[in-house]
Amino acid sequence: MLIIACRLRPSATADIEVFTCSTVLRDLARRVRFLEAEARSYEKAFLAIMRVWRPDLLDLTGVGAIVAATVLTSWSHPGRCRNDSAFAMLAGAAPIPASSGKTIRHRLNRAGNRQLNRALHTIVQTRLKKDEATQAYAERRRTEGKTDREIKRCLKRYVARQLYRVLETTPSTP
């Protein structure tokens, strides 16, 4: 569709509405292509930086260049968070009690760094699709009666703990 829109040639003999729509559609399609190329170049630059600075993050399942950059930006420096619980609270992935009556439940924290929370969400979604251990965990929790939202909440907390441990260790230089 995008290729077709980029190749549109508005006819000067067409109605003004058709001419205007065709021109705008073509210009928007060309802008989309330009922005996609720009995004790819930025992602390559992020990947090059991450490979030099923190290649250990890229080794984790579901962590790509943009997610790694988001995590590093939010984490900032060693010692910012005193433990993995504080990092999870920063990410908005710390469980908050949401019990009522005899039902004991937890929900995700709505506060915290939303970009970091989105990075955790991206990691969890990727692992649920591609990582067999995560899929087995999710299936096991479903048989225990957990909902998909509760499973993702648990996985986000696990990923936050894992990221914190990786971030707090100094990467070995080859």
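Reader: By class, which residues make up the lining of the second largest pocket?

Author: The model is predicted. A lining can be sorted into nonpolar, polar and charged residues, and here the second largest pocket has six nonpolar, two polar and three charged ones. Val124, Arg127, Asp131, Thr134, Tyr137, Cys154, Leu155, Tyr158, Val159, Arg161 and Gln162 form that lining. The space in this pocket is about 170 Å³.

Reader: Which helix gives the most to the lining of the second largest pocket?

Author: Helix 8 does, with six residues. Helix 6, helix 7 and helix 8 each supply at least two.

Reader: What does the side chain of Thr134 make a polar contact with?

Author: Its partner is the side chain of Asp131, at 2.6 Å. Both Thr134 and Asp131 are among the pocket-lining residues. With neighbours within four places in sequence set aside, Thr134 is in contact with Arg127, Leu128 and Leu155.

Reader: Now a whole helix. Why is helix 5 described as largely enclosed by the rest of the structure?

Author: Burial is counted residue by residue. Helix 5 covers residues 84-91, and six of its eight residues are buried, so it is largely enclosed by the rest of the structure. The buried ones are Asp84, Ala86, Phe87, Ala88, Leu90 and Ala91. They pack against helix 4 (65-75), helix 6 (114-130) and helix 8 (148-168).

Reader: What caps the N-terminal end of helix 5?

Author: Asn83 does: one of its side-chain oxygens lies 3.2 Å from the backbone nitrogen of Ser85. After helix 5 comes Gly92, with a positive phi near 75 degrees.

Reader: In the largest nonpolar core, which residues touch the most other members?

Author: The core has 34 residues, and those with the most contacts to other members are Leu57, Val63, Val71, Phe87, Leu120, Leu163 and Leu167. Helix 3 (55-58), helix 4, helix 5, helix 6 and helix 8 each supply at least two residues of this core. Helix 8 gives the most, with eight.

Reader: Which residues does Leu163 touch, not counting those up to four places away in sequence?

Author: Leu163 touches Leu57, Leu60, Val71, Phe87, Leu120 and Ile123. Of these, Phe87 is also one of the buried residues of helix 5.

Note on methods: Residues are numbered from 1 along each chain as its sequence is written. This is a predicted model: local features need pLDDT of at least 70, side-chain atom pairs count only at pLDDT 80 or more; totals for chains, interfaces and linings use all residues. Side-chain values use heavy atoms; hydrogens and water are left out. A polar contact is a pair of N or O atoms within 3.5 Å; within protein, one must be able to donate a hydrogen and the other to accept it, and residues adjacent in sequence count only if both atoms are side-chain atoms. Contact means heavy atoms within 4.5 Å. Buried means under 20% relative accessible area, exposed over 50%, partly exposed in between (1.4 Å probe, protein chains only). Helices (H or I, at least four residues) and strands (E, at least two) are DSSP runs, numbered from the N terminus. On a 1 Å grid over the protein atoms alone, a cavity is a set of points where a 1.4 Å probe fits but cannot get out, and a pocket is an open set with protein on both sides within 12 Å along at least five of seven lines; lining residues have an atom within 4 Å of a point. Grid points are joined across faces, edges and corners, and a volume is the space filled by probe spheres set on the points. Ala, Val, Leu, Ile, Met, Phe, Trp, Tyr, Cys and Pro count as nonpolar, Asp, Glu, Lys and Arg as charged, and the others, Gly among them, as polar. A nonpolar core is a set of buried Ala, Val, Leu, Ile, Met, Phe, Trp, Tyr and Cys residues joined through side-chain atoms within 4.5 Å.
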